[in-house]
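Me: Please show me the sequence with its model, and then let us work through the fold by question and answer.
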Amino acid sequence: GGDAAPPWRGAAGRGAAGLLAVDISFEASTHGGLASSTYALEALSRWPELAPMLLVLKELLCQRGLNEPFAGGLSSYSLLLLALTALLQAGVDPLERPLARPEHRPPLGEAAAAADA
């Protein structure tokens, strides 16, 4: 035997204390989470290559501790956009018409500053 494969740690969903890690999001006028979710689901349905590609990338990031955005890693949505861009640049065509761009909403700090002005 050579080097042993690193243990698979992805999708376990339990932290060191045995608690399930969750991310809670509240609907607000400046929150684009619902539009982002719709965009992600549409992209996954149009590029069958995307889901397995994301699973491999997420596992690699997890093995290196780069899967948590608050700790300097990539969010799932950022990884989706990165992988989708790679597919598009490689010339992989969607199964249907191209996706419309998601509606852009300014970050919360910019929206608050604009409201104060």
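Me: Of the contacts in the protein chain with a separation of 6 or more, what percentage comes from residues 24 or more positions apart?
Reply: The model is a predicted one, in which local features need pLDDT of at least 70 and side-chain atom pairs count only at pLDDT 80 or more, while totals for chains, interfaces and linings use all residues. Residues are numbered from 1 along each chain as its sequence is written, and side-chain values use heavy atoms, with hydrogens and water left out. Taking contact to mean heavy atoms within 4.5 Å, the share from residues 24 or more positions apart is 71%.

Me: Which helix of the protein chain has the highest mean pLDDT?
Reply: The chain has four helices and zero strands, where helices (H or I, at least four residues) and strands (E, at least two) are DSSP runs numbered from the N terminus. The predictor's confidence in each residue, pLDDT, goes from 0 to 100, and its mean over the chain is 76. Among the elements, α4 (residues 108-116) has the lowest mean, 60, and the highest, 92, belongs to α2.

Me: How far apart are the end C-alpha atoms of α2?
Reply: The expected span of a helix is 1.5 Å times one less than its number of residues. For the 14 residues of α2 (residues 50-63) this gives 20 Å, and the model agrees, with its end C-alpha atoms apart by 20 Å.

Me: Against which helices do the buried residues of α2 pack?
Reply: Buried means under 20% relative accessible area, exposed over 50% and partly exposed in between, with a 1.4 Å probe and protein chains only; in α2 the buried residues are Leu50, Leu54, Glu59, Leu61 and Cys62. They lie on the same side of α2, because they cover an arc of only 165° around the axis, the arc being that of the directions from the helix axis to the C-beta atoms. The helices they pack against are α1 (33-46) and α3 (76-89).

Me: Which side chain makes a polar contact with the side chain of Glu59?
Reply: Glu59 lies in α2 and counts as buried because its relative accessibility is 11%. A polar contact is a pair of N or O atoms within 3.5 Å; within protein, one must be able to donate a hydrogen and the other to accept it, and residues adjacent in sequence count only if both atoms are side-chain atoms. At 2.8 Å, the partner is the side chain of Gln63.

Me: Leaving aside neighbours within four places in sequence, which residues are in contact with Leu80?
Reply: Leu80 belongs to the largest nonpolar core, which has twelve residues, including Trp47 and Leu87. Beyond those sequence neighbours, the residues in contact with Leu80 are Ala40, Leu50 and Leu54.

Technical notes:
Core = buried A, V, L, I, M, F, W, Y, C linked by side-chain atoms within 4.5 Å.
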